[in-house]
Amino acid sequence: MTYPPPGDQQPGNQPSGDYPRPPGDYPPPPGNYPPPASGYPPPPGNYPTGEYQPGGYQSGGYQQPGQYPPSTPKNTLGTMALVAAIIGVLTFWSVVGGIILGLLAVALGFVARSRVKKGAATNGTVSLVAIILGFVAAALSVALIAFGVSWFSNVGGQEFVDCMNDAGSSQSAKDQCSDRFQQNIEDRYR
């Protein structure tokens with residue numbers, strides 16, 4: 001290959017060859033690239049899906065100004081509500097487990113459902129299950145407490161409480177109250 005003498009070269013009019021070119025005088029690389037944009041946002045174009053576009057590979061075209069890419073769903077509250085509801089159902093026999101965790105699950109479930117309706121979350125079913133299980137846990141706990149109070153009063157619980165209050169600080173009187181209460185329970189369930 002022969003090189004032209006240095007004075008015969010015109011900028012931007014260089015013959016192809018293996019010799020070094022001045023910066024900025026290279027032809028564009030092969031491929032379907034959009035023309036460089038002078039500002040942001042890039043000019044609208046019909047770039048094929050999967051083609052290289054400024055900023056990386058994208059599926060589809062450019063986003064219009066003011067549009068943002070979809071954010072990742074915020075499903076944490078729904079998951080927390082479901083966990084609280086499951087623990088609440090499993091421990092409904094305690095006030096903390098049934099009532100507190102059940103009502104917490106219901107509250108978190110409703111907040112998570114509102115996020116689903118706004119499009120910020122995608123776990124609507126999980127949130128609904130958490131709400132239902134939370135209500136079940138709270139209802140079972142309240143029913144168990146009501147049953148316990150009813151049973152306690154049926155076996156003479158109020159008499160036992162009154163006897164203990166009247167006993168004051170006398171340990172022998174407290175022991176007599178306990179023995180009488182225990183005897184009432186045994187008589188009732190023989």
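## A disulfide to start with

One disulfide is found in this structure. The model is a predicted one, so the details below describe a prediction. The partners in the disulfide are C163 and C177, with 1.7 Å from S to S. The angle about the S-S bond is -75 degrees, and the link between C163 and C177 is left-handed.

Where do C163 and C177 lie? C163 sits in helix α4 (residues 157-167), while C177 belongs to helix α5 (residues 171-188), so the pair ties together parts that are 14 residues apart in sequence. Both C163 and C177 are buried.

## The chain as a whole

Let us step back to the whole chain. The protein chain contains five helices and two strands.

The protein chain has 190 residues, and buried residues account for 22% of them. Its accessible surface is about 13,500 Å², with 61% of that belonging to carbon and sulfur atoms. Contacts can also be sorted by how far apart their residues are in sequence. Of the contacts between residues at least 6 apart in sequence, 51% join residues at least 24 apart.

## How confident is the prediction?

The protein chain has a mean pLDDT of 77, and 63% of its residues reach 70 or more. Confidence is highest in α1, at a mean of 94, and lowest in strand β2 (residues 56-57), at a mean of 49. As a reading tip, where pLDDT is low, the predicted coordinates should not be read in detail.

## The largest nonpolar core

Which residues make up the largest nonpolar core? There are eight in all: L77, A81, A84, A85, A105, L108, A112 and A130. Two elements, α1 (76-90) and α2, each give two or more residues to this core. The largest share comes from α1, with four residues. In soluble globular proteins, nonpolar side chains tend to be buried together.

## A closer look at A105 and A85

A105 is one of the core residues, and its place is in helix α2 (residues 95-118). Is A105 buried or exposed? A105 is buried, because its relative accessible area is 0%, and buried means under 20%. Leaving out residues up to four places away in sequence, A105 touches A81, A84, A85, A130 and G134. A105 and L82 are 23 residues apart in sequence, with 6.6 Å between them in space, C-alpha to C-alpha.

A85 is another member of the core. Setting aside neighbours within four places in sequence, A85 makes contact with A105, A130, L133 and G134.

## S141 in helix α3

Next comes a serine. S141 lies in helix α3 (residues 124-154). Why does S141 count as buried? S141 has 1% relative accessibility, and the cut-off for buried is under 20%, so S141 counts as buried. Which residues does S141 touch, not counting residues up to four places away in sequence? The answer is F92, S94, V95, G98 and I99.

## An aromatic cluster

F152, F160 and F181 form one aromatic cluster. Counting pairs whose ring centres lie within 6.5 Å, there are two aromatic pairs.

Terms used: Residues are numbered from 1 along each chain as its sequence is written. This is a predicted model: local features need pLDDT of at least 70, side-chain atom pairs count only at pLDDT 80 or more; totals for chains, interfaces and linings use all residues. Side-chain values use heavy atoms; hydrogens and water are left out. Rings of Phe, Tyr and Trp (its six-membered ring) pair if their centres lie within 6.5 Å; planes under 30 degrees apart count as stacked, over 60 as edge-to-face and the rest as tilted. Buried means under 20% relative accessible area, exposed over 50%, partly exposed in between (1.4 Å probe, protein chains only). Contact means heavy atoms within 4.5 Å. Accessible areas come from the Shrake-Rupley method with a 1.4 Å probe; for residues, only the protein chains shown count as cover. A nonpolar core is a set of buried Ala, Val, Leu, Ile, Met, Phe, Trp, Tyr and Cys residues joined through side-chain atoms within 4.5 Å. A disulfide is a pair of cysteine sulfur atoms within 2.5 Å. pLDDT is the predictor's confidence in each residue, from 0 to 100.
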